Amino acid sequence: IRSQLLYFVDDPATAGDSAWIYHADGILWIEDGLIRMAGDAAEVLLQLPSGVEIEHFDHHLVIPGFIDTHIHYPQTEMIAAYGERLLEWLETYTFPVESKFGDSEYARQIASFFLDELARNGTTTALVFGSVHPESVDAFFAEAQQRNLRMIAGKVMMDRNAPDYICDEAQQSYEQSKALIERWHGVDRLQYAVTPRFAPTSSDEQLQLAGKLLCEYPGVYMHTHLAENTEECQWVAELFPEARHYLDVYDRAGLMSRRSVFAHGIHLCDDSCKRLSETGASIAHCPSSNLFLGSGLFELDRLTEQGVSVGIGTDVGGGTSFSMLQTLADAYKIQQLRGRKLDPFRALYLATLGGARALDIEDKVGSFQRGREADFVALDLHATELLKFRTGQCKTLFETLFVLNTLGDDRVVDTTWVMGEAIHKRRAV
Ligand code: GUN
Ligand code: FE
C-alpha cells in the first residue's frame, strides 16, 4: 500500500513527538497477513522484490485499525433510545432488547450486522459484551471467526436486581462461562472475557465464581462496568457496605489483573486509581455514551497522571456511534468542558496502540511494527466536500489530524483490511 502512513510506538502523553511515526509518502509492505515493513516509499522500494503489487491511495491516511475497548453487540438495535439515564435506561430499553439473544438465529443476524458496521467504521478489534445467553456468544464468535477478526467477548453474568427473564444463577453462569472459554478462548484470533455486567446485578457468590474462572484460566479477560453514574455508585455503596469503594467490590472477588477492563471509571477516588495502576488493569473511556446518558466528564489527565492505562470505547448502544472518530471528537469536547485539551496525536494513539495496550495485545495489533497482524484502514481526506476543503487549508499534520478527528465518521473509512485482506471497501469497485 502506498499512501501517507501514521502509527504509534508509544504514548504521546509520556513520549511526546517520538511516540509517533509518519511517512508523507510511505509504503506499507504486507506479507502473509503480517506487517513486513512500514517506511518511506523510496526506502521500502529498494527492498521490495520486483513483481510485488502496489496499491496507491492518494489523499488518504493509512493507520492501524481502530480498537474499540468497550461495546455491546446486542445493543446494536437500541442505539439512540430516548430520554433516560443509566439505571432507567437499562430497565426501559436494554433488558428487553437483550432478552432476544437466546435465539441463536437472531443473535447471528445481529452479530453479522454488528461486525459489518464495525468494518464500515474501520474498527478491526473490539472487546464486546454479549447478552446473558451463551447462544449470543456462540453466534458472535462464529461470525467473527468467519471474518478472521481479532475479537474478545463474553457472556454477561447477572443474577440479581434485574427482571427474571434476563438473569442467570451464580453456579449456572460459572458453568456456562467455563464451557464458552473451553470452546472459544484462543481459537484463531478469538479470546474470552469473563463478563459480570456490573456490581449491582451480581451477587457476591457470582463475583467470587467469576474470580475463580480467572484463576482457572490464566489469559482470559475480565470485562465489566465501573463508576459510570452517581446513582449507580450510591447503589453499590448500599449493596456492598463492607467494600471500601466501588472498585474494591471487584478487587475483593479477585477480578483485577493486567487483563481486566473496566468501562467508564468516571467517579474514582485516588485509591481506586492506585489499584488500577498497580494491577495494570485498564479503563475503557466511552465519551459519547457518557454524554448521551448524562453520566459525567471523564478525568483523562488525572487518570493518565496516576498511571492508569486508558483505551477508548464506543459503548454502543449507550454510545451513539460506531465511529471511533466520532467518539474521539466527543472525547475532545469532554476535555474542553473540563478546561483541558486532547490533542489529535494522543486521541489517535488512544484509539489504536493505546487500545491495544489496554487489551494487552500490543504485540499483535495497533501498530505497524514488523510482525504485527496487518489490520489497518485507509482514511480518505477527500471523503466529503467539507473535509476536502478544510484539510486543503491545513498546514501541519497536527491540524490535518485534528480536522479528520473532528469531522470524520464512517464516510472517511475508504478501505478496512484484516490480516492483509480487504473486508470493507467504500467505493464501488
Ligand atoms: N452498566 C451496566 N450495564 C450497562 C450497559 O449495558 N451499558 C452501560 N453503558 N452501562 C452499564
Ligand atoms: Fe457499556
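Author: A residue is buried if 20 or more other C-beta atoms lie within 10 Å of its own, exposed if 12 or fewer, and partly exposed in between, with C-beta atoms placed from the backbone. The model is predicted: local features need pLDDT of at least 70 and side-chain atom pairs count only at pLDDT 80 or more, while totals for chains, interfaces and linings use all residues. Residues are numbered from 1 along each chain as its sequence is written, and chains are lettered from A and ligands numbered from 1 in the order in which they are written.

Reader: Why does Asp315 count as buried?

Author: Asp315 has 30 C-beta neighbours inside 10 Å, and the definition asks for 20 or more. Asp315 therefore counts as buried.

Reader: Why is Asn148 called partly exposed?

Author: Asn148 has 16 other C-beta atoms within 10 Å, so Asn148 is partly exposed.

Reader: What makes the phi values of Asn148 and Asp315 worth noting?

Author: Most residues other than glycine have a negative phi, and most peptide bonds are trans. Phi of Asn148 is near 60°, a positive value, and that of Asp315 is near 55°, also positive. Asn148 sits in the loop between helix H5 (134-146) and strand E7 (150-154). Helices (H or I, at least four residues) and strands (E, at least two) are DSSP runs, numbered from the N terminus. Asp315 belongs to the loop between E13 and H13. Gly317 is placed in the loop between strand E13 (309-312) and helix H13 (324-337), and the peptide bond from Val316 to Gly317 is cis, with omega near 0°.

Reader: Which residues are around ligand 1, and how is their shell classed?

Author: A residue is near a molecule if its C-beta atom, placed from the backbone, lies within 6 Å of it. The residues around ligand 1 are His72, Leu86, Leu90, Thr94, Arg197, Phe198, His225, Glu228, Ser289, Asp315 and Gly318. Ala, Val, Leu, Ile, Met, Phe, Trp, Tyr, Cys and Pro count as nonpolar, Asp, Glu, Lys and Arg as charged, and the others, Gly among them, as polar. The shell accordingly has 3 nonpolar, 5 polar and 3 charged residues. Helix H3 (residues 86-98) gives the most to this shell, with 3 residues.

Reader: How do you know that the buried residues of H10 are on the same side?

Author: In helix H10 (residues 270-279), Ser272, Cys273, Arg275 and Leu276 are buried. They cover an arc of only 160° around the axis, which puts them on the same side of H10; the arc is that of the directions from the helix axis to the C-beta atoms. Asp270, Asp271 and Glu278 are exposed on the other side of H10. The buried residues of H10 pack against helix H9 (246-252), strand E12 (282-285) and helix H12 (300-305). Contact here requires C-beta atoms, placed from the backbone, within 7 Å.

Reader: Why does the radius of gyration of the protein chain agree with a compact globule?

Author: The radius of gyration is taken over C-alpha atoms, and the globule rule is 2.2 Å times the number of residues to the power 0.38. With 429 residues, a compact globule would have a radius near 22 Å; the protein chain has 21 Å, so the value agrees. Buried residues make up 55% of the 429 residues.

Methods: Contact = placed C-beta atoms within 7 Å.
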